[in-house]
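Please keep the sequence and the model in view while reading.

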Amino acid sequence: MTEGSASGGANGDVDGAESPRPYPVNLDIRGRLAVVVGGGHVAARKVASLLRSGAHVTVISPAIDPRIADEVERGRVAWVDKPYKSGDNLFAAGRDDDQTDLGHDGDAGLARAFIVIACTDDPAVNALVVHDARAAGVPLINNAADPVQSNFGNVAVTEHDGLMVTVSTYGKDPSRARKVKERITRWLWELSGRAT
Ligand SMILES: C[C@@]1(CC(=O)O)c2cc3[nH]c(cc4nc(cc5[nH]c(cc(n2)[C@H]1CCC(=O)O)[C@@](C)(CC(=O)O)[C@@H]5CCC(=O)O)C(CC(=O)O)=C4CCC(=O)O)c(CCC(=O)O)c3CC(=O)O
Ligand SMILES: NC(=O)C1=CN([C@@H]2O[C@H](COP(=O)(O)OP(=O)(O)OC[C@H]3O[C@@H](n4cnc5c(N)ncnc54)[C@H](O)[C@@H]3O)[C@@H](O)[C@H]2O)C=CC1
């Protein structure tokens, strides 16, 4: 049984009134190591939000989206320029602080991560990353293509004038979450327009 599957995954099925809901929190991840495996469109979005929250981000992928490349260029993201491989010594290129030294020879590569997000376009690789992250004791694990394998889900976020509003569909309809978030954003701007 996969982690969290008893409740349909942390952000999976939440149908009946008796089903447990995901526990909503605001996490302090400043200075924590976040490893994103995959470097495409989805990775670019996750990297941006991890950076906004002050995480130290390492991306493992043979290719990266221009938005990630830009952050690598600016020294804000460490890039391990190769396909994911279990147990690799992932001493991150481009930054030598302890946070991105993911392991020495023999260490499980992901062991120092606080958050791991698997978002390659290969389901087998994503599943392997989730497996390795669990084995390494990583606290927070997300498979962007499979909520049932995740123990947390990403949410749509809008911020305005000291307010943060987050929207979730329990993993069921991410586009709906984005659309509702966009409406809330417009509404918050309208409200603040009236207030002034
Ligand atoms: C479960 C979850 C896992 C997680 O990422 O944690 C997940 C999973 C999946 N998303 C899929 C598709 C898309 N997701 C987006 C966008 C967002 N997805 C986000 C979150 C989540 N997505 C989590 C649940 C959120 C919730 O509970 O509602 C947002 C809110 C936050 C963020 O990513 O930062 C962000 C909006 C950002 C914003 O603008 O605010 C778009 C683009 C769009 O809509 O613009 C598309 C293309 C839509 C299309 O194709 O129509 C697929 C199908 C993939 C496939 O078919 O291959 C899966 C897999 C599956 O559902 O099984
Ligand atoms: N959670 C979410 O918000 C969403 C999730 N998805 C899912 O996320 C996955 C990725 O989608 P996109 O980013 O649009 O794909 P993409 O094609 O833009 O990017 C895939 C990335 O994975 C990398 N990759 C491939 N094999 C790899 C390996 N062995 N090791 C490391 N990196 C590897 C590629 O180099 C590329 O950078 C898809 O499976 C899709 O189902 C899609 C849309 C939204």
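## Basis of the model

The model is predicted: local features need pLDDT of at least 70 and side-chain atom pairs count only at pLDDT 80 or more, while totals for chains, interfaces and linings use all residues. Residues are numbered from 1 along each chain as its sequence is written, chains are lettered from A and ligands numbered from 1 in the order in which they are written, and side-chain values use heavy atoms, with hydrogens and water left out.

## Ligand 1

Ligand 1 is surrounded by 20 residues, of which K46, N154, T169, G171 and R178 are the closest; a residue belongs to such a shell if one of its heavy atoms lies within 4 Å of the ligand. By class, the shell holds 8 nonpolar, 8 polar and 4 charged residues. Here Ala, Val, Leu, Ile, Met, Phe, Trp, Tyr, Cys and Pro count as nonpolar, Asp, Glu, Lys and Arg as charged, and the others, Gly among them, as polar.

For Y170, a backbone N or O atom is 3.3 Å from an oxygen of ligand 1. The protein covers 64% of the 1100 Å² of accessible area that ligand 1 has on its own, by the Shrake-Rupley method with a 1.4 Å probe, where for residues only the protein chains shown count as cover.

Domain 1 (30–149) and domain 2 (156–195) both contribute to the shell, so ligand 1 lies between them; these bounds come from an automatic or database domain assignment. Helix 4 gives the largest share of the shell, 5 residues. Helices (H or I, at least four residues) and strands (E, at least two) are DSSP runs, numbered from the N terminus.

## Ligand 2

Around ligand 2 there are 20 residues, and G39, V42, R45, Y84 and A144 come nearest. The shell comprises 11 nonpolar, 6 polar and 3 charged residues, and its largest share, 4 residues, comes from helix 1.

An N or O atom in the side chain of R45 is 2.5 Å from an oxygen atom of ligand 2. Backbone N or O atoms also approach ligand oxygens, at 2.9 Å for V42 and 3.2 Å for A63. Of the 860 Å² that ligand 2 exposes when taken alone, the protein buries 68%.

## Helix 2

At the start of helix 2 (residues 66–73), a side-chain oxygen of D65 comes within 2.8 Å of the backbone nitrogen of R67. Just after this helix, G75 adopts a positive phi of about 80 degrees.

How values were computed
Polar contact = N/O pair within 3.5 Å; in protein donor to acceptor, adjacent residues only side chain to side chain.
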